[in-house]
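Trainee: I would like to learn how to read a structure like this. Could you take me through some of its features?

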Amino acid sequence: MRKKTAHRWRLSLTMLLFVLVALGTFWLVELMNQSGQEMQADRHRNEPDYIIEHFSFVRMNQAGQPSYIISGDKLTHLPLDDSSDIELPVVRSLAGKEPGRQPPMQMHAARGRVDRNNSRVRLDGDVNVERSASAASRAMRLKTESLTVFPDDDTMETALPVALSLGNATANGVGMRANNATRQVQLGGRGQLLLPPRGAPAPPPLK
């Protein structure tokens, strides 16, 4: 009698173990399926929700006035982080009516990205910046491989090598911070500055 009872207990424990293993396997499969569905949903969410070719839009400043015009050959919007990738971007700053406001500035690059609620523009690949001369400032030309622009603050910066031309003076360095509103440019690294004599012709275009 005791042997039959012991055998039943062992059989019950074995069956219970199999049931627990089956439940654990089912839970693991469901968890993997759910994880796979979430990853698939994330991929779908990060797919472009709209693409615009030959676009142009105006960035307003905090006072509600036009500040920058951003255009390009193609804009691809990614909804997951609300960013936009741009092919052949062109960024133009607009001259304001405030006294001492800098003249318009134009930037070209191979590609760009707009993020942070359109408050940051990253330009990459053969970046060229030009600003015309005015009564208050000299003409400026800048060349680098990557430049981050903050339209709201009218500033830009890079950590890469920079070639800069300001009037008849030329300079180069590694890293730069520039404030277009205050006309301040800060070069990093061990740069080189060339100041030609007064009346010397303007330097050739940056290469």
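**Reading strands, turns and a core**

Mentor: Begin with D154, which is buried, with a relative accessible area of 6%. Keep in mind that this is a predicted model.

Trainee: Where is D154 found?

Mentor: D154 lies in the loop between strand 8 and strand 9. These two strands form a hairpin with four residues between them.

Trainee: What is the phi of D154?

Mentor: The phi of D154 is positive, about 60°, although the residue is not a glycine.

Trainee: Is H54, which also has a positive phi, buried or exposed?

Mentor: H54 is exposed, with a relative accessible area of 65%. Its phi is near 50°, and H54 too is a residue other than glycine. H54 is placed in strand 1, residues 50–60.

Trainee: How do I read the pairing of strands? How many bridges join strand 8 to strand 9?

Mentor: For a pair of strands, look at the direction and the bridges. Strand 8 and strand 9 run antiparallel and are joined by seven bridges. Within strand 9, S165 stands opposite R141.

Trainee: Over how many bridges do strand 9 and strand 10 pair?

Mentor: Strand 9 (residues 155–166) pairs with strand 10 (residues 169–179) over ten bridges, in the antiparallel sense. L166 has A169 in strand 10 as its bridge partner. Two residues lie between the strands of this hairpin, and G167 takes a positive phi near 65° there.

Trainee: What joins strand 10 to strand 11?

Mentor: Four bridges do, and strand 10 and strand 11 (residues 184–187) run antiparallel. The bridge partner of N179 in strand 11 is Q184. This hairpin has four residues between its strands, and R183 takes a positive phi near 65°.

Trainee: How many residues has the largest nonpolar core here?

Mentor: The largest nonpolar core has 23 residues, and those with the most contacts inside it are M107, L123, V129, L147, V149 and M156. Two or more residues each come from strand 2 (66–78), strand 5 (105–108), strand 7 (120–131), strand 8 (140–150), strand 9 and strand 10.

Trainee: Which residues is M156 in contact with, leaving aside its neighbours within four places in sequence?

Mentor: Apart from those neighbours, M156 is in contact with residues including M105, M107, V129, M140, L147 and V149. Also among its contacts are T148, M176, R177 and A178.

Terms used
Residues are numbered from 1 along each chain as its sequence is written. This is a predicted model: local features need pLDDT of at least 70, side-chain atom pairs count only at pLDDT 80 or more; totals for chains, interfaces and linings use all residues. Side-chain values use heavy atoms; hydrogens and water are left out. Two strands pair if DSSP finds at least two bridges between them. A nonpolar core is a set of buried Ala, Val, Leu, Ile, Met, Phe, Trp, Tyr and Cys residues joined through side-chain atoms within 4.5 Å. Buried means under 20% relative accessible area, exposed over 50%, partly exposed in between (1.4 Å probe, protein chains only). Contact means heavy atoms within 4.5 Å.
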